[in-house]
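Please open the structure in your viewer and keep the selection tool at hand.

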Amino acid sequence: MKFSQKVALAIVLLVCLVLSVSGTWSVHRSFVRELEVAAQTHSEAQMQQRYTLEALLAGAEDDSIGTFLSLMQQYEAQEQALGKGRTWFSILGEQGTVLYSTMPFAIPYAKQQEAAAAGEHQVLYHTDGADSYQILCTRMWGAERPLWLVNAYDAGNQFAERDRLIRQDLFRVGGVLLLVGAAALIVARLLTQPLRQLETASRALSRGDLTARVQIRSRDELEHLGNTFNTMAEAVENQVQALQEESARQKRFVAAFSHELKTPMTAILGYANLLRSGEQAPDKRHRAAGYIYHESQRLEELSRELLLLFGLEQGGVALQDVKLSAVWGDVRRSLPELEPRLRWEGKDAAVRADRPLLTALLRNLILNAAHADGSGGTILFWNKETTDGVRVGVTDAGTGIPPEELDKLTEPFYRVDKSRSRMSGGNGLGLTICAQIAQAHGARLQIESVAGQGTTVWITLTEVTP
């Protein structure tokens with residue numbers, strides 16, 4: 001059963017309960033009121049009969065049974081002469097003995113005796129099949145012995161009216177329930193429409209449609225639930241896209257890493273096989289040993305940079321107060337061949353950083369700048385204070401980088417100019433390491449480049465010491 005049907009059924013059951021209780025109470029109240037009115041009317045008629053019978057019995061010459069029966073017959077004759085019709089009554093003596101009775105056979109003696117035992121003004125009811133009777137009892141005075149007058153009156157009209165009201169109420173309740181059920185089903189479907197949207201979107205999302213969203217404008221908890229679903233779906237979509245991008249990066253990393261290993265290993269194996277194949281000429285042996293040494297250095301550099309990269313990804317960088325002038329001195333000493341081209345622009349400042357890592361970042365940026373500007377132009381190292389901290393960067397006047405390549409520069413083993421990088425010994429990890437160093441310092445590597453004019457790369461160190 002659908003939720004909308006359950007809501008409609010719950011509303012119908014609630015209305016049915018309310019109508020049933022109210023209808024039953026109304027019918028019962030009306031029925032009791034009719035019985036009370038009838039009992040009052042019958043009680044007055046009984047009192048008139050009682051007074052008449054008491055007068056007859058008071059004037060009797062004796063209290064013999066014959067005289068008593070004669071008087072009762074005389075009373076019935078008088079009643080018939082007056083056109084009142086026959087009255088159902090019985091007179092009971094001591095110990096409930098029935099002395100005279102015009103009661104119908106439907107009312108047993110035991111019921112008459114029960115009425116006499118109940119006492120004055122007590123009303124009893126007796127139902128025999130489709131006939132219902134109201135039974136009243138009163139004590140007669142004036143006779144020499146105690147007598148009880150028991151009357152029976154037809155109460156069929158009251159019970160028939162009750163049954164009619166019950167049937168009428170059932171039809172009324174049935175009609176109301178049909179209308180309420182139809183209206184409740186329509187309202188429930190309107191109220192649960194947002195849930196159907198959520199169900200449809202959830203199924204689409206489970207089938208892989210990451211663009212599935214809902215549009216709920218109900219200004220209640222369902223709208224909040226819809227917004228939460230959309231937020232979750234967007235997060236799932238972003239996460240899946242991130243996983244796909246990460247998977248693609250990992251595949252490119254493995255392919256590039258395999259290529260980076262293959263090239264030096266091929267050279268090492270080839271020249272090693274040449275040396276072990278037999279005695280070679282000194283110049284050939286020297287050249288082969290040089291190739292083996294050079295490619296071994298490339299492998300050592302690659303392994304060192306990979307270890308540094310993995311270490312940065314694990315985190316745990318210890319920051320301390322560092323002067324930029326000290327970092328600049330470390331960079332210049334590590335690049336003596338480029339010192340004539342280097343220039344520093346800015347004022348010395350103290351920052352919170354890891355000195356060796358910050359030196360490695362700037363060194364890699366300067367090497368990239370030197371490779372980009374083969375004309376021997378100036379490489380500018382600069383720093384300036386901003387509202388966010390101290391911005392530290394490197395600018396060159398080289399060939400620049402195409403805009404479509406900027407987002408891929410920090411991927412491992414990615415090269416814009418692969419032939420030049422291989423000739424100069426690069427392996428495509430420099431900017432990847434720079435990005436990880438920046439991240440370890442709570443910063444982000446930012447790159448601006450114009451093709452044919454040059455490139456500027458910088459980070460902003462937010463933790464600055466006075």
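**A tour of rings and cores**

Select Phe89 and Tyr100: both are buried, which means under 20% relative accessible area, where over 50% is exposed and anything in between partly exposed (1.4 Å probe, protein chains only). This is a predicted model, in which local features need pLDDT of at least 70, side-chain atom pairs count only at pLDDT 80 or more, and totals for chains, interfaces and linings use all residues. Residues are numbered from 1 along each chain as its sequence is written, and side-chain values use heavy atoms, without hydrogens and water.

Next, display the rings of Trp328 and Phe381. Their centres are 4.8 Å apart and their planes at 5°, so the pair is stacked; rings of Phe, Tyr and Trp (its six-membered ring) pair if their centres lie within 6.5 Å, and planes under 30 degrees apart count as stacked, over 60 as edge-to-face and the rest as tilted. Trp328 is buried at 6% relative accessibility, and Phe381 is buried at 1%.

Now select Leu362. Apart from neighbours within four places in sequence, Leu362 is in contact (heavy atoms within 4.5 Å) with Val327, Val331, Phe381, Val392 and Val394.

Then colour Leu361, Leu362, Ile366, Val394, Leu445 and Ile459. Of the 39 residues in the largest nonpolar core, these touch the most other members; such a core is a set of buried Ala, Val, Leu, Ile, Met, Phe, Trp, Tyr and Cys residues joined through side-chain atoms within 4.5 Å.

Finally, select Leu56, Met72, Phe89 and Leu147, which are among the 13 residues of a second, separate core.
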